[in-house]
Structures are given as structure tokens and as C-alpha cells.
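Could you walk me through this protein model, piece by piece?

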Amino acid sequence: MIHNVATSKEAMQLEDKYGAHNYHPLPVVLSKGEGVFVWDVEGKKYFDFLSAYSAVNQGHCHPRIVGALKEQADTLTLTSRAFYNDALGSYEKYVTEYFGFHKVLPMNTGAEGVETAIKICRKWGYEKKGVPENEGEIIVFDQNFHGRTTTIISFSSDAGARKNFGPFTHGFVKIPYNDVEELERALKRPNVVGVLVEPIQGEAGVNVPNDDFIPAVGELCKKHNALFIADEIQTGIGRTGSFLAVCGNCTCEHHCERQSTYTKPDMLILGKAISGGVYPVSAVLADNEVMSVITPGTHGSTFGGNPLACEVALAALRVIDDEHLTQNARKLGKIFRDRMAAFAEKSEMVTLVRGRGLLNAVVINDHPDSSTAWDICVALKDNGLLAKPTHGNIIRFAPPLVMTEEQLHECCDIIERTIAEYEAVEA
Ligand SMILES: *Cc1c(COP(=O)(O)O)cnc(C)c1O
């Protein structure tokens, strides 16, 4: 491969010189991945504890998913939606039955999925609920993360994500997360058309709401005739040890009608792991009453629903089932939190561990603007484990769901040893 660089240093210099500086990566240059492992240019092996922000739930370069990509790539890659293709319909049948909705609208990136849901929600509000045109409001939550487009950053709480990108899109009402009373108050506004929520706030530092919050969002939306829109781009598809995070503690492998635990959203947004990290695939799922507002010419994407994406997503979803990754995430997540909670008892630096399934965060006893979490992540890298801070004092730990119990214990050993070493140096 002629594009490959000789050293990590060279690769970092190239990115620094020729690429826009829109990220601040850890200083590691990856050149290979397999399962829970990645390797750098020099051949050093690491456990991946980010999984590309939970896109690689099925593990790096899963042979079945990559196999589906290769086979379809030799056959047909892109037709656009100007014509039918022979992969889309079967994928749509599979994905709607899998998640329990009448219809799916296929897109590519997560942010496009969110944009799509916002558009459908507004159109539903005007055409079905009877809200006056251009007056619709969507309720969102403090510390949300839904992507990077101009409309989505219009309701972000992150100053850096917004500064000098205005003017912004109107029509969003932001309220505190995990606050049922505030939600009920906001839903009394006459022109509310929907509530857009992450069932667990990943980027905010794995904020897990009370068990009754998501069911309350669902109920209150029903009561006030607003659409409950779940952004499960990061939390969905086994990550939290449930089929979806909105399933709460339900252990079913698929959607079920156990109303006590499953709060069915009116719209479900998926991305990231729906492709196993192999190709950009996102999707918005809804039932006919909602999706019917979309008619020819009202929305689209050249690449959305292309045959490659369909075959990759089909394979990626089947791997989740066949390898029982949801159950594995549930089992390993508990082991991880038990070990980290025990470690936090002894450690001065670790305040607490929180999360669900294999979406967890360790909170460090320092200021949110400190560099401590970053420094620990650099030390973890040196010890063979890759993780990334979400704030100055929070580290997210989200390995691929194909990890074994033995590997997880080895990783907990690395994390505990690294933090203990760091503590000893600081003391
Ligand atoms: C990553 C993410 C997005 C945006 O997805 P992109 O593919 O990066 O556009 C939206 N919502 C949530 C919850 C995410 O984690």
C-alpha cells in the first residue's frame, strides 16, 4: 500500500500539516485492527476501549461484515434512489422487523439521522398535530450531543461547538436532563411537536438518568401528543447490555411488548454500530402514522440506502444476535463496574464509576477543566489500552462487545495499575 507511512511521527506530522485541526487525537497512529485489538505503525498492540465512539461494537474488521462489504462491492455499489436496487427492500424488511417499526428511512451519518428525525417531527407537527407552520418546538436537554450540523449545534450546550457558527436554527427548547417536572412543564407549551433525547448521555460523560426518566418521557409525550424521539446512535445495538437503551433493564434480545420496561419511541435514530464501524450507515425508524408525512421529493440522500450500506448493516445486525453480544455486554459491564467501584474505595483519584452494559465512565477527583483525565489516557496508552476523556475529569470506557471475560480482567488490571502509578507520582 503506497500510502502507508513509515513511522507514527511521520503520520502525525502529515495530519498536522495537511488536515484541518478539528480533533485533538491521542498521540497514537493506528494501522490495523482485529476484534478488541488495534496495532500502531510500530506494531505495538492495544486494547481498544473507545470502539470508535461505540461504532465498532462487533469488533474491528469483523470477517462477516467485511465479507459482506467485499462481496457487494464486486456486484453493485450505488444506484441512487432514482432507481430501485435489489438489496434495499430486504434490508428494510429486516431492520424494521428487528426493531419493531413499520418503516425505515436510510441515511449515512448519525447527524443526518438526527436531521432527518427533526424534519419528520416538524412536518408531522404541522400536518398531523395541526401546529401552525414554522411555530413547532422540539424539546431537547442540557449537555446533549446529537452531532455537528448547523441545526444540531443550534441546541448544543457546548460553547466550543457553537462559537462563531451562528446564526442558528430556531424552534428548540432546552431543559435539564433527567427532570420529569421540567419536562411536563415544557410539554404544556402549545406548539411542542417532539422531545429529542439520548437515553444515556454518552458524550456528556455517560450520564445515566433515573430508571423512571425514559418511561416518563414516553408517557408524557403520549399525553401531550408530541413525538418521543430516541437518539440511540451511541447507546443502541447491544452497547448498554440491552437491545436498546430505551429497553431499560429488559433482557429480551429484540423489541418486545413488555410495556413495563420497554418504552417504544415514536422515532428511533440509529447510526454507528448499525454498520459495525465498517461503513457510514444511519437510519430513522417510525410507524406509518409518522413516516407517511415523507413523500417523494421531501427528503433524500444520494448514498442513503445504497446496496453496500444495506449488506453491511444486515451483516452487522446478524452478528449482534449470533454472537450474543448484548448479553456479553451486560455480563462484562457488571464485572467492570464492580471492579472499578472496589478500586474507587481504595483510590484517592477515582471518585466513581457509572454506566450500563459496556458504556461506562470513570470520574476522576479533579476539576472538569483539568488535564488529569487526558494525562491518564496517555499513560493508559503507554500501558497498552486506548481510551479517551469526555471531560477533563471523566474517562469513557467502551470496548468492543466481543471482549472475553479474561480480557476484561486483564484490562481492569491495566487501568488500576496505571491510575495507581499516576497517583504515586502525583503524591
Ligand atoms: C455520534 C453521535 C451522533 C452523531 O453521529 P455522526 O455519525 O458523528 O454524525 C449523534 N448522536 C449521538 C448520541 C452520538 O453519539
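Strand 4 is the element that gives the most to the lining of the second largest pocket, contributing five residues. Before going further, please keep in mind that this is a predicted model. The pocket itself has a volume of about 510 Å³. It is lined by 19 residues, and those closest to its centre are Arg81, Glu92, Val104, Leu105 and Pro106. Two elements give two or more residues each to this lining: helix 4 (88–99) and strand 4 (103–107). Sorted by class, the lining has nine polar, seven nonpolar and three charged residues.

Helix 3 (residues 63–73) and helix 11 (residues 307–322) have axes that come within 8 Å and cross at roughly 160 degrees. An angle over 145 degrees counts as roughly antiparallel, so helix 3 is roughly antiparallel to helix 11. The crossing of these two helices is right-handed. On the helix 3 side, the contact is made by Arg64, Ile65, Ala68, Leu69, Gln72 and Ala73. Helix 11 meets them with Pro307, Leu308, Glu311, Val312, Ala315, Ala316, Arg318, Val319 and Asp322. Between them, the residues of this contact comprise 10 nonpolar, four charged and one polar.

A second pair brings together helix 12 (residues 325–346) and helix 14 (residues 405–426), with axes that come within 10 Å and cross at roughly 25 degrees. Angles under 35 degrees count as roughly parallel, and helix 12 and helix 14 are therefore roughly parallel to each other. Here too you can look for the handedness: helix 12 passes helix 14 in a right-handed crossing. From helix 12, the contact uses Lys331, Leu332, Ile335, Phe336, Arg339, Met340 and Phe343. From helix 14 come Glu405, Leu408, His409, Cys412, Asp413, Ile415, Glu416, Ile419 and Ala420. By class, this contact of helix 12 with helix 14 holds 10 nonpolar residues, five charged and one polar.

Helix 8 makes the contact through Val180, Leu183, Glu184 and Leu187, while helix 9 uses Phe213, Ala216, Val217, Leu220, Cys221 and Lys223. There are eight nonpolar and two charged residues in the contact of helix 8 with helix 9, and no polar ones.

Finally, two backbone details deserve a look. Is the peptide bond from Gly166 to Pro167 cis or trans? This bond is cis, with omega near 5 degrees. You will find Pro167 in the loop between helix 7 (159–162) and strand 6 (172–175). The other detail is at Ser51, which has a positive phi of about 55 degrees although it is not a glycine. Ser51 belongs to helix 2 (residues 51–54).

How values were computed
Residues numbered from 1 in each chain as written. Predicted model: local features only at pLDDT ≥ 70, side-chain atom pairs only at ≥ 80, totals over all residues. Heavy atoms only, no water. Axes fitted to C-alpha atoms, helices over the stretch in contact; angles between N-to-C directions. Helix = DSSP H or I, 4+ residues; strand = E, 2+ residues; numbered from the N terminus. Parallel < 35°, antiparallel > 145°, perpendicular 65-115°, else oblique. Left-handed = near helix turned anticlockwise from the far one by under 90°. Contact = heavy atoms within 4.5 Å. Nonpolar A, V, L, I, M, F, W, Y, C, P; charged D, E, K, R; others polar. 1 Å grid on protein atoms, 1.4 Å probe; cavity = no way out; pocket = protein on both sides within 12 Å on 5 of 7 lines; lining within 4 Å. Points joined across faces, edges and corners; volume = space filled by probe spheres on them.
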